[in-house]
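I opened my notebook on a new structure today. Here is what I looked up, in order.

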Amino acid sequence: MNKSIIRYILSRVLQFEAVFLLLPVIVSLIYKEKDGICFLIVSLCALALGTLGSRFLPKSKVFYAREGFVTVSLSWILISLVGAIPFVITGAIPSYVDAVFETVSGFTTTGASILTDVEAMSYTCMFWRCFTNWIGGMGVLVFIMAVVPLSGSHNMHLMKAESPGPDVGKLVPKVKDTAKILYGMYMGLTGVLIISLLIAKVPLFDAFVLSFSTMGTGGFGRWNASLGAYSSAVQTIVIIFMILCGVNFNAYFLIIKGKIKDFFKIEEIRTYLLILLAGAVIITLLVRGNYSSYGEAFHHASFQIASIMSTTGFSTADFDLWPTLAKTILVCTMVIGGCAGATAGGIKVSRLLLLFRTIGRELSHLTHPRSVRKIRMDSQPVLEETIKGVQSFFIAYAILVILSTIIVSIDNFDFQTSFTSVISMAGNIGPGLGMVGPTGNYSQFSDCSKIVLIFDMLAGRLEIFPMLVLFYAGTWRKS
Amino acid sequence: MQIVIVGCGNVGGSIARSLSKEGHDVTIVDNDIQEVKDLSVELDVMAIEGNGSTLDVLLQAGVQTADLLIATTESDEKNILCCLLAKKAGTKNTIARVRNPEYKKEIEFIKEELGLSMSINPELSAAAEIARLLKFPTAIEIDTFAAGKVELLKFEVTSESPLSGMALKTMHKKLNTDVLVCIVERGTETLIPNGEFVLSEGDKVSVIGTGKKASLFFKAINLNQGKVKNCMIVGGGETSFYLSKMLIQSGVDVKIIERDKKRCEELAEALPEAIIINGDGSDKSLLGEEGIESTESFVSLSNHDEENVMMSIYAKKVNPKAKLITKVHRSAYEDIIGDMNLGSIINPKFLTAEEIVKYVRAMSNTVDSDIEALYQINQGKAEALEFIVKDSSALTNKPLSELNGKLKPNVIIASIIHKGMVETPNGSSKILEGDRVVVVTTETGFSDISDILE
């Protein structure tokens, strides 16, 4: 384990966070709030620490997969711990565990809150809270890689550990350029969203923070009523962008290159859109009675399913009151999540497809024991290694959910609350059912449960293994 | 630059490594998915799995916009096909690895007619490098141009040298040689000399000419000590064949020891002047019988690194005066072998990679110009530019003496290659359409052959 390069990269990460922390300072100047001073102090401290730590270049440039995993998970823990400090100093969230929960929820684009009254927050804190959604969506290290080279040619290890999906590919030969293109598309889409919201007469500040949480598929809202506070036109814009952000960003590169046909040929995107449409139609039929027209029912049904499946977690209706089948469909889409390479969480549609195809192959193998079959995706054979990875990921995901549910159950809430809160955290969605439904929040949980849920959010965002690597003894052994 | 490398075995891998380190956008294509994956983890390159001689895969690799495609699969035919497809699809330059000497003519044809920019042959490069090491003393530095046809040789003028105090215009008559002095480094200055220039002790002189003419020149100035008269080669592969041909041409006696009887017969047929021994080169008594104690040079070219190293150690022990050259494929052990002091180490894939990196560097300097190739000399203080004369101009179809005074200062026409024949220019030489011309200059920014005129 090359500890000096990890120390170096972590210091660089801290420097970048210091720069990010200056953004809320600017906001505080605009709105003349005192909170900006707290952010400035934290930013300066982070900058000093980061500069000190990155002053000495690492002795050895050795950087392998395990350094990649460890660096990524430690970076995420570090930015969350530091990003939480301003909330405590400003008094917005007095308890540090709560503040860390809120920040992790932000960076991992979960959007779950421990705040009972969001509206009491200052502009400055609100901006920072939603900005964590945005930067966490595409990834902090991906952002840094677009700006500075971190570890030479082995940047790919970082990208692989941070980006979601079973098989991370590059768009162009260089990692740095790939990161630039990804962030370019991300910023472009964010810009379009902000402008659309402004046209729909959303106030400037709201347009910014709403765009940040939508693009990162985070789901931090400015109002207690979440998206219910906006007009249906705004809600419709948000539906479209939530769906867009659940799509693999690599696929948008095809559109940029003018291969629109190829974009719609991608099986993962087709399946994703199909699940969304089917879910919206079924839920519309189920909740027709709660609304005055089919149109309105469809509007709310599609908003909720898009919000849950893209793992954003906004709400326009209290789906906790919906029929059980509608709730079950929502919980299933919570587990599935968006596409690989999107800003969404969950186990990802492509993994689901591969799992189903593995089952299909197993069945064919039972009937023709000597048959040899390749699993295909977009008519390309998939490596056995990838399939194995998908299976172990699914198992690890299931075990994570089960163990976390057991620990959270100590708080003695009803099963629905305990189970869906874990599912919602691991899938980086935000709301669950019961006490953690669209109108509830996570403030009632004990600190122990909150720490477990914090771990679940990080594990869910980084796709479990990078977090588990930290606890694997072999990672830290000398040889 | 955007570069596609098809086939990433030994040679392809080395090329990818060097080019990606130079900061180019490299995409690698190979049939073997494991090979591609391993390389894409090690290097910051894009990896594509598939047959690189199919259009689909090539388009996926982005040959439409690529600046360069290098085909280094194991098959010559595949490489040529791949280059042709890429060229037609829009790649600006293509390089193919072609090893089979039977395709030599075809390659020249494809280069002219279908726009292949360069062909590489690791075995040939290795042989040329070894031949150079054997033919010239170590005091001479060598660069090659125009696909190895023209050599630029740099040496220092010593006090005993007949060149000391000689004016360049009298050099040809006095020494009866046919090379051109094109660059003189005096102190920190880099000069392009004219006929009136007088050489003096301590000057570092670069001459340009063909290998044969250069060796005559070095004989005339008594700098040829170190040139070997005979050579013992173990291993009769392609490298050995190319090397023997080159050595025989410059009058070195060659003895090849090869284990395979059939290969021996092939060699005996192709190289009537060489002595071919059928036997095991690692056999001490055979080596003794064939005179390892008295040979002036010993080259181990078998297919096994370990065997080559062992033979060189043995040769060193029984004949410490002989020039030793050891071929090693695995680069990882180069340091260790280097420490053992076994003479020169030759690594064919590394040589090829170096050749291509040189080409690519020159290419990135010559975008949007008529320059065929650009070579930097003396850390970039001077440049040798290779032009193809496409149409007639003020320069063509007249003796060079008529151009006197019209050329820019610090420019010298160093070589004219007319239909593959290298000519050292003199007053009566003419530049014709279709010729390749090598120009040496300390100026920069030339993009067309007519730029050398005032």
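Among contacts in chain A between residues at least 6 apart in sequence, what percentage join residues at least 24 apart? I get 71%. Two residues count as in contact if their C-beta atoms, placed from the backbone, lie within 7 Å.

A note on what I'm looking at: this is a predicted model, where local features need pLDDT of at least 70, side-chain atom pairs count only at pLDDT 80 or more, and totals for chains, interfaces and linings use all residues. Residues are numbered from 1 along each chain as its sequence is written, and chains are lettered from A and ligands numbered from 1 in the order in which they are written.

Entry: chain A overall. I find 21 helices and 2 strands in chain A; helices (H or I, at least four residues) and strands (E, at least two) are DSSP runs, numbered from the N terminus. The C-alpha trace spans about 60 × 55 × 50 Å along its principal axes.

Entry: helix α4(A). Since 10 of the 12 residues are buried, α4(A) is largely enclosed by the rest of the structure. Among the buried ones are Phe101(A), Val104(A) and Phe107(A). The cover over them includes α3 (65-90), α5 (123-138) and α19 (447-461) of chain A. Just after α4(A), I noted that Thr109(A) takes a positive phi of about 60°.

Entry: where the chains meet. I see 10 residues of chain B in contact with 9 residues of chain A. On the chain B side, β2 (25-30) and α2 (33-42) each supply at least two residues, and β2(B) has the largest share, 3 residues. That side divides into 6 nonpolar, 2 polar and 2 charged residues. Here Ala, Val, Leu, Ile, Met, Phe, Trp, Tyr, Cys and Pro count as nonpolar, Asp, Glu, Lys and Arg as charged, and the others, Gly among them, as polar.

Conventions. Buried ≥ 20, exposed ≤ 12 C-beta atoms within 10 Å, placed from the backbone.
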